[in-house]
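Here are a few notes to read with the model open beside you. Take them one at a time and find each spot as you go.

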Amino acid sequence: LQGIFVLGLPYALLHSGYSGLLLIVLAAASCCYTGKILIACLYEENEDGQQIRVRDTYEDIANACCKKLSPSLGGLVVNVTQVVELIMTCILYLVVSGNLLSHSFPYVPVTEKTWSVIAFVTLLPCIFIKTLKIVSKLSQLCSLVHLVIIFVVITYCLTQMHQWSWAKFRTSIEFENFLVSVGVIIFGYTSQIFLPTLEGNMKNPGEFRCMLNWTHFFACILKTTFALTAFLTWGEKTKEVITDNLPSFLETLVNLCLLTKALLSYPLPFFAATEIVYSCISNDNHSNYRSLLLALTVRGSFLLLTLLMAMFTPHFALLMGLSGSVTGAAMTFLLPSLFHLKLQWKKLSFLEKCADISVFILGFLCSLAGIVCSIKGLLEVFG
């Protein structure tokens with residue numbers, strides 16, 4: 001979902017002013033930190049003082065924390081939360097794909113929902129994805145498309161440098177709009193649900209912390225540069241999705257790139273969600289044929305579910321905001337800090353404990369603010 005949130009960053013600066021620039025940096029540091037402590041929960045020291053990986057998944061960490069209450073309660077909560085967030089992400093990609101196709105070809109007499117169905121057809125091969133290697137190759141292509149989009153927007157903004165002015169930043173900020181900006185900025189960095197699998201598949205897991213530092217550093221630089229140049233170009237005229245500010249010929253080009261990015265992004269959350277469900281319901285005693293049939297059934301069911309929800313769920317954006325405020329904040333801030341405190345309390349220094357508690361409070365406030373804003377929006381729609 002990184003690309004979608006990045007396109008909303010200039011609009012977030014419109015409503016957060018100079019504090020938005022600080023928030024971009026703070027969010028990068030916070031999400032990088034929670035990623036590290038989450039991975040730290042996978043390890044325990046052996047008798048020789050060496051760090052040994054004793055857990056493999058987010059579920060294993062949750063079960064270890066809740067084993068006194070129930071051996072599988074923590075894992076169940078984490079799995080449900082992960083699957084909900086991943087499914088909602090997949091649905092959003094379908095909705096966005098239909099919207100982009102509709103805007104790219106306005107003269108074609110096809111509804112936005114029909115365009116979503118057309119986009120869905122191109123995703124049917126996802127049923128046959130068996131390994132993370134295939135997903136990683138698609139993600140690499142997705143990253144290249146993302147860089148093309150950023151390059152086009154920034155290049156155009158640089159041609160308009162003569163009209164830039166720091167006076168465009170607001171000095172007065174509306175609190176509710178500021179909360180929306182906080183959500184856009186923070187949740188543009190979330191990736192914690194993928195990190196245990198990613199670290200476990202690295203050729204050299206010892207380089208994970210270094211990789212996380214550099215990726216968040218470059219993401220912060222890129223997001224700040226993109227948001228700042230775009231906002232300085234359009235100022236008060238900045239729209240929610242910055243590509244809507246581009247001239248028509250560039251807007252169509254970027255929309256098609258965004259469509260490609262959305263379709264290439266879909267397999268990652270789809271694969272992660274189906275693997276979680278399959279691992280929960282599969283039985284090692286099944287034959288290879290039955291296991292293959294079960295896997296295809298799970299993947300096919302998820303594909304169909306995402307299409308139906310994208311087609312028939314009313315006011316999906318608001319519902320996405322509500323679920324994202326709960327699941328996104330929980331998986332990114334609340335649970336990693338709680339698990340780290342629970343599993344490694346005796347080993348943590350005073351400053352590390354303070355950092356974990358601070359991150360938990362930050363996540364709770366962000367979640368609460370997002371829930372309030374989303375429910376208010378839903379009440380206004382249905383009222």
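Predicted model: local features only at pLDDT ≥ 70, side-chain atom pairs only at ≥ 80, totals over all residues.

1. The top contributor is α15, with 6 residues.

2. The lining splits into 15 nonpolar residues, 1 polar and no charged.

3. Next, the helix pairs. Two packed helices are described by the angle between their axes and the distance between the axes. For α4 (residues 58-65) and α5, the axes come within 6 Å and cross at roughly 145°, and the crossing is right-handed. On the α4 side, Tyr58, Glu59, Ala62 and Asn63 make the contact, while α5 brings Leu73, Gly74, Gly75, Val78, Asn79 and Gln82. That gives 4 nonpolar, 5 polar and 1 charged residue in the contact of α4 with α5.

4. Slide along to the other partner of interest. Helix α5 (residues 73-104) and helix α6 (residues 112-122) have axes that come within 7 Å and cross at roughly 115°. This crossing of α5 and α6 is right-handed.

5. Who touches whom here? From α5 come Leu94, Val95, Ser97, Gly98, Asn99, Leu101 and Ser102, and they meet Glu112, Trp115, Ser116, Ala119 and Phe120 of α6. The contact of α5 with α6 counts 6 nonpolar, 5 polar and 1 charged residue.

Key: Residues numbered from 1 in each chain as written. Heavy atoms only, no water. Axes fitted to C-alpha atoms, helices over the stretch in contact; angles between N-to-C directions. Helix = DSSP H or I, 4+ residues; strand = E, 2+ residues; numbered from the N terminus. Left-handed = near helix turned anticlockwise from the far one by under 90°. Contact = heavy atoms within 4.5 Å. Nonpolar A, V, L, I, M, F, W, Y, C, P; charged D, E, K, R; others polar.
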